[in-house]
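Here are my notes for a first look at this model. Please keep the structure open while you go through the points.

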Amino acid sequence: MLALSRWKIAVVLISVIYGLLFSLPNVLPDSVLAQWPGFLPHQRLNLGLDLQGGSSLLYEVDTDALKKQRLADLQEEASQELHDAQIQFSGLSSTTGVVALKISDITQTDAAATALGKVGGTVQGSGREVLVTHDAVGNFQIALTQAAIQQGVRNAVAQSIEIIRRRIDLLGTKEPDIRQQGTDRIAIEAPGESDPQKLKDVVGQTAKLTFQMVDESAPAQAADTVVPPDDEVLPDEEKGAPFLTVKRRVSVDGGMLTHAQQGFDPQTNYPVVEFRLNGAGAHRFGQVTSENVGHRFAIILDNKVIEAPVIQSPIIGGQGQISGNFTVDSANQLALLLNSGALPAQLKVIEQGTVGADLGADAVRAGVTGLAIGAVLIFAFIILAYGLFGVFAALALVVNLLMMFGALSMTQATLTLPGIAGLILTMAVAVDANVLIYERMRDEANSGRAAMAAADAGYRRALTSILDANVTTMISALIMFSFGAGPVKGFAWTLSIGVVTSVFSAVLVTQLLIGWWFRVTRSKTLPIA
Amino acid sequence: MSGPPQIPSQFQPPIVSAPRKSIWPFIHFVPRQTHFNFVGLAPYAAILSVLLVVASGVSVGLQQVNFGVDFVGGTKMEVVTTGAAPLGQIRGLLAGMGANDAEVQAVGAGGAAIQFRSVTGQSADAAPAFVQGKLQAQIPGLKVTGISEVGAKVSGELIWGGVEALGVALGLTLLYIWFRFQLQFGLGAILALAHDIVLTIGFLSITRIEVSMTSIAALLTVIGYSMNEKVISFDRLRENLRKYKTTPLREVINLSENERLSRTIITGSTALLALSGSVLNPASALFSLTATMAFGILIGTYSSIYVALPVILLWGVKRDDDEPAAINFQTARR
């Protein structure tokens, strides 16, 4: 194993150069980096909120919109209940902050009250969600209680926080802070970025996707065109008419999606979003499309029509594609939003700014100093313990550090103070690999083997342990990366990089150095034996 | 750097330090073969482990862990000052008035966001006004522009996602160890890891170290290090089981642990040294994190010898195991 094969030298050299190139922007001053040729890496380490601060966004759940949406649902329910009870009514609306209607036959007042009593759910701890009132001439009102509105907001905030976290996690490991503030606000802080546009793009969009049939009998000219009560007029983003009349009834919605991804249309080669529906969704979609061959259906995102194709043939199987006017980026973004789910309510940005580091400068300095001392102690200890071979291990550790910083800069993973502590511990585990190798060499030399053979066997026999230990760590890291969220994900990423670079440097780099040392000195003894 | 000529014999007695060896490198002074009776101490260790696990359980049951603002939320106060906000001064004042988990962040040019979980000696309702009064009295020109309750940074999904991830990771690790070694090795490792996790949580509970987002990182690091220890230990044991097919298991375990003792000491010292700079300075932002990690390294090393291996010893191992998966002596010897 100590033979100095060309490929080993080449691999090590290339890795060292890559590590250097990608680490370099971190130590160069801005002026030099600005003149850096374009093909060289420019990215610096992405430091976390605790170390460098970042941008902050304060969102508020749009309570009015939430209330309106709930009232619209209740209106639908009320209509259904009265139909079921065979009660005639008129003037059903929900525009005045309550659901209002008038029954046609006053003698049915009691029956109507019973039917409407079934509308709405319950609020935890305070009874029914709605209050139904009526007067002597058959005017009914259904109002949301204060407790119901509060619960609605509470739920919307809690759900939004989870969905936002999922969306930001899908963007990569940015390690944001997301938390509730007050009753109806969500504060988001993300490291770095002075202009959090990308963040706003993925957080601000509700991403409510619905498939509704187009009402071809009622072409709309303007937003206020009068249409049948079962229809609604929506802005159309496709070329052609500016508005489109669609049926209010939702055939399939985004909640029935199991997966979405960016793809390309096989015919036109334009970027599209491909999606897959769950069992119920596929069934509904199949049914609706087979009943409506030759008619148009609309794909609606956040109340805007993005596509309204004619159904050519029944779509069974629950797979399909959306081909609005996408670029690869916007198709990817929509897929991300669809995968993480729709926000339960619209969010409004009410504050935007920058924040300083979480930790005080003194605390960060003390932390970094402590870790630097730790790193120096590792180097000193390994050199003291193993002499010249310790120097080789220390050099391998330097290569390891270069590669780790290079990889972290390249992938733009977020480095937090605990992340740095994790890196230092990764160094300790990297040293462990060298300790294992050297201890094996000592065993071999002491059982009478010649120096070079002992060194060679040391590598060979330690390799099983090293690989077993690191494969185990890698399994855990990859699982934590794919299942975990937020900081767990970031930690797992740093750990995986550390595993790969430490095995590489501890095994391959020291091997070259020791092989080269034997070749130069022609030593007959092992300095550590 | 010259050593004594090697005597080509398998039966050469272990030499601790031979004449003519220089002091440096000091690896020469680490005994190559020791004869500690590790297994002999196992019953006492078992009692110790049970006591520690019970103590951890009792402490967590009685006083939980000291959840920080990351987990339980707190009060956020936005202030503006004339000129740049004196962050250090504000931080000092907060510490002086007994604010727990205080965090001070610069906001824009002349502002700061202050955050705390609670104030010792003040009710939750009175705390914001108390802090506001104190700050305004001490820093002229400071105005409070907003006070609000903030929720936890760590949400339910985050915790359950993490626990789920950990569960799956441990499960797969068990399978991998089963595949590479034997089932009882995997179970020993998992039991030892559970032991480490319980004790580390107990450590957090007893020391009242504030549990924050970084504590999750500490716990994961502890698990990673501990797993590394277990696999290294198993590897040596497996090798010796193939080498000494008729020696009783407890002696093979003793031999293996003695053989890898110098490695255990050197690697353990390296890891502890790496953390020492932060552990020894309580003012460091990393003190609680590194203290937890250092505890975990000690416990992880201990549990490799005294939890994982005793499980294997009690269960027994298959000794006719000849699969060529591991070390191949013939190739090595050539």
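**Notes on chains A and B**

1. In this predicted model, the C-alpha centres of domain 1 and domain 2 of chain A are 66 Å apart. Domain 1 of chain A takes in two stretches, 6-52 and 359-521. Domain 2 of chain A covers 63-150.

2. Next, the contact between the chains. On chain A, 84 residues take part; they touch 81 residues of chain B. Several elements of chain A supply at least two residues each to this side. Among them are the strands β7 (177-181) and β17 (347-355). The helices include α6 (146-171), α11 (417-446), α12 (451-483) and α13 (487-521).

3. Which element of chain A gives the most to the side that touches chain B? That is α10(A), with 22 residues. Helix α10 of chain A spans 361-411. By class, the side of chain A facing chain B holds 46 nonpolar, 26 polar and 12 charged residues.

4. Now look within chain B. Helix α9 (residues 261-279) and helix α10 (residues 287-315) of chain B have axes that come within 9 Å. These axes cross at roughly 165 degrees. An angle over 145 counts as roughly antiparallel, so α9(B) and α10(B) are roughly antiparallel to each other. Their crossing is left-handed.

5. Residues that meet in this pair include Gly268(B), Ala271(B), Leu272(B) and Leu275(B) from α9(B). From α10(B) they include Phe287(B), Met293(B), Ala294(B) and Ile297(B). The contact of α9(B) with α10(B) counts nine nonpolar and five polar residues, with no charged ones.

Key:
Residues are numbered from 1 along each chain as its sequence is written. Chains are lettered from A and ligands numbered from 1 in the order in which they are written. This is a predicted model: local features need pLDDT of at least 70, side-chain atom pairs count only at pLDDT 80 or more; totals for chains, interfaces and linings use all residues. Axes are lines fitted to C-alpha atoms, for helices over the stretch in contact, and angles run from 0 to 180 degrees between N-to-C directions. Helices (H or I, at least four residues) and strands (E, at least two) are DSSP runs, numbered from the N terminus. Angles under 35 degrees count as roughly parallel, over 145 as roughly antiparallel, 65 to 115 as roughly perpendicular and the rest as oblique. A crossing is left-handed if the near helix is turned anticlockwise from the far one by less than a right angle, and right-handed if clockwise. Two residues are in contact if their C-beta atoms, placed from the backbone, lie within 7 Å. Ala, Val, Leu, Ile, Met, Phe, Trp, Tyr, Cys and Pro count as nonpolar, Asp, Glu, Lys and Arg as charged, and the others, Gly among them, as polar. Domain bounds come from an automatic or database domain assignment.
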